[in-house]
Amino acid sequence: MVQECSPRPHSPVDLDTHNLRNLKIMNWNLPTPSLYEESLKRNEAIMAHLGPLVVRTGQFTGRSPNDKFIVDEPTSRGCVWWGDVNRPISEERFEELHRRMASYLQGKDVFVQDCYAGADPDYRLSVRIITQYAWHSLFARNMFIIPSQDELATFEPEFVVIDCPGFHAFPEVDKTNSDAFILVNFAKKLVLIGGTEYAGEIKKSVFTAMNYFLPFEDVLPMHCSANYGAEGDVALFFGLSGTGKTTLSADKSRTLIGDDEHGWSKNGVFNFEGGCYAKVIKLSPEAEPEIYQTTRRFGTILENVGIDVDNRRLDLDDASLTENTRAAYPISHIPNATRTGMGDHPQNIILLTADAFGILPPISRLNADQTMYHFISGYTAKVAGTERGVTEPKATFSACFGAPFMAQHPAVYADLLGSLIDQHNVKCWLVNTGWTGGSFGVGERIKLAYTRAMVNAALSGKLDQVEYIQDPIFGVQVPTSCPEVPESILQPRHTWQDSEAYDRQAQKLAKMFSDNFTQFADQVSGPIKDSGPRTN
């Protein structure tokens with residue numbers, strides 16, 4: 001007999017609608033303390049000193065992009081950006097895995113969270129997250145927006161995620177790449193996740209759905225953080241992992257809208273989420289005090305963070321399991337975050353890159369076409385491992401600063417962004433949070449204090465008053481001075497001891513940009529194509 005544990009109202013739409021039958025206990029919309037109790041009772045987690053929940057995610061300590069598929073079906077086939085990012089899987093394979101997953105869950109407990117993606121009521125998506133693990137349900141509760149009691153009583157999900165880490169695919173039969181899978185079906189508005197305990201797949205599958213559906217409503221979905229100043233001036237921060245998107249937006253002098261995923265509509269900017277999912281490896285209480293404090297709070301989930309099991313003290317410097325240690329917490333844990341999740345139209349857009357080659361200026365001003373070029377390129381550089389003492393950075397290009405989650409072609413998002421920039425006369429900047437004085441291994445990382453000072457100067461209008469010179473290769477406008485920043489670091493060529501070595505590396509990077517952009521050349525206008533770097 002099915003039992004229900006429902007301390008809060010829940011939707012009249014039951015789980016039978018999702019082909020889930022003969023379940024043991026359905027735990028509907030459990031609050032945070034109850035999910036703590038269930039997680040601890042089921043040995044899914046341990047509680048650390050001061051209250052955060054510490055979990056392990058097994059072999060998957062990050063997203064598994066090669067295991068994500070989009071169902072190839074008639075209603076979405078012509079709109080999906082097919083390729084290495086969005087791999088197709090047949091409707092038949094999806095249905096078979098759905099049937100077997102439902103069979104696997106028979107006789108087992110499940111946890112259900114009914115929530116919203118999108119703070120703007122005009123564009124929000126009602127989402128049901130069904131999980132096998134209690135802590136995954138808490139993750140969903142932290143990351144999304146919790147409906148009111150009255151809203152829960154009449155809640156009808158428009159999109160459903162079934163997350164079942166204990167169920168595995170048979171790759172040779174199911175045509176998956178491994179026994180883990182993330183399958184997105186836009187026609188059925190259903191996601192199936194199996195074989196991976198990494199909770200970030202839940203968050204990103206919903207983001208993928210928002211990225212697919214919102215452009216049809218002339219809303220731009222964005223992989224960016226957002227905040228606003230005392231005058232309500234909104235700033236957007238685009239950037240890939242490790243570029244400072246979360247760190248720079250969590251500024252105590254500004255109000256945080258959100259740290260990762262937003263929409264931009266005719267109403268302004270709105271957060272998709274109700275929480276944050278921050279990297280915490282080597283987190284510093286001096287440099288990032290707001291985020292650091294969340295790792296000492298009840299309600300926070302810490303993924304793969306080091307802990308002394310005897311005294312339950314955390315070690316945020318411990319990377320023995322992964323460099324991708326994470327904290328998932330409700331946005332209310334950030335003291336200067338807005339509870340509305342909304343802001344006005346942005347006045348500034350900042351594109352972040354961590355250039356490990358030491359070539360790009362620490363800050364530069366972009367015109368509209370250059371902004372589109374760099375947005376479509378989505379460049380950063382990651383530091384590769386050391387082999388026999390030689391360290392080599394690796395360029396990474398991810399369209400729209402979030403290619404793995406962009407279901408439609410990047411040109412769709414770029415066109416929306418360009419139109420909004422023109423309509424609202426937005427100032428745009430490229431900020432390099434990477435290296436200066438040489439590539440990784442020779443130069444040094446640009447100090448966070450300098451980056452903050454440059455960003456603050458841009459947002460406050462102080463950089464409108466200074467002189468600029470044009471970078472001869474990348475064509476961007478570089479300020480000759482900036483308050484609280486040494487002038488010596490503003491021109492990257494001047495920071496290298498060997499200027500000819502800089503020129504050679506700059507040409508190499510310029511060619512990487514050009515080679516990457518060839519895949520988009522037939523989808524963009526001439527002025528955008530011509531806004532890339534100049535190569536010899």
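How many aromatic pairs does a search of the whole structure find? The search finds 26 of them; rings of Phe, Tyr and Trp (its six-membered ring) pair if their centres lie within 6.5 Å, and planes under 30 degrees apart count as stacked, over 60 as edge-to-face and the rest as tilted. The model shown is predicted, with local features needing pLDDT of at least 70, side-chain atom pairs counting only at pLDDT 80 or more, and totals for chains, interfaces and linings using all residues. Residues are numbered from 1 along each chain as its sequence is written, and side-chain values use heavy atoms, leaving out hydrogens and water.

**View 1. The whole chain.** Welcome to the overview: the chain has 14 helices and 31 strands, which are DSSP runs numbered from the N terminus (helices H or I, at least four residues; strands E, at least two). Its radius of gyration is 23 Å, close to the 24 Å that the globule rule gives for 536 residues, so the chain is as compact as a globular protein of that length. That radius is taken over C-alpha atoms, and the rule is 2.2 Å times the number of residues to the power 0.38. Along its principal axes, the C-alpha trace spans about 75 × 55 × 55 Å. Buried residues make up 60% of the 536 residues, where buried means under 20% relative accessible area, exposed over 50% and partly exposed in between (1.4 Å probe, protein chains only).

**View 2. Trp496 beside Tyr502.** Here the ring centres are 5.5 Å apart and the planes are at 80°, so this pair is edge-to-face. Both Trp496 and Tyr502 are buried.

**View 3. An aromatic cluster.** Look here for Tyr373, Tyr379, Phe397, Phe474, Phe513, Phe517 and Phe520, which form one aromatic cluster.

**View 4. Charges over rings.** Lys189 lies over the face of Phe213, at 5.2 Å from the ring centre. Arg326 lies over the face of Tyr277, at 5.0 Å from the ring centre. A charge sits over a ring if NZ of Lys or CZ of Arg is within 6 Å of the ring centre and within 35 degrees of the ring normal.
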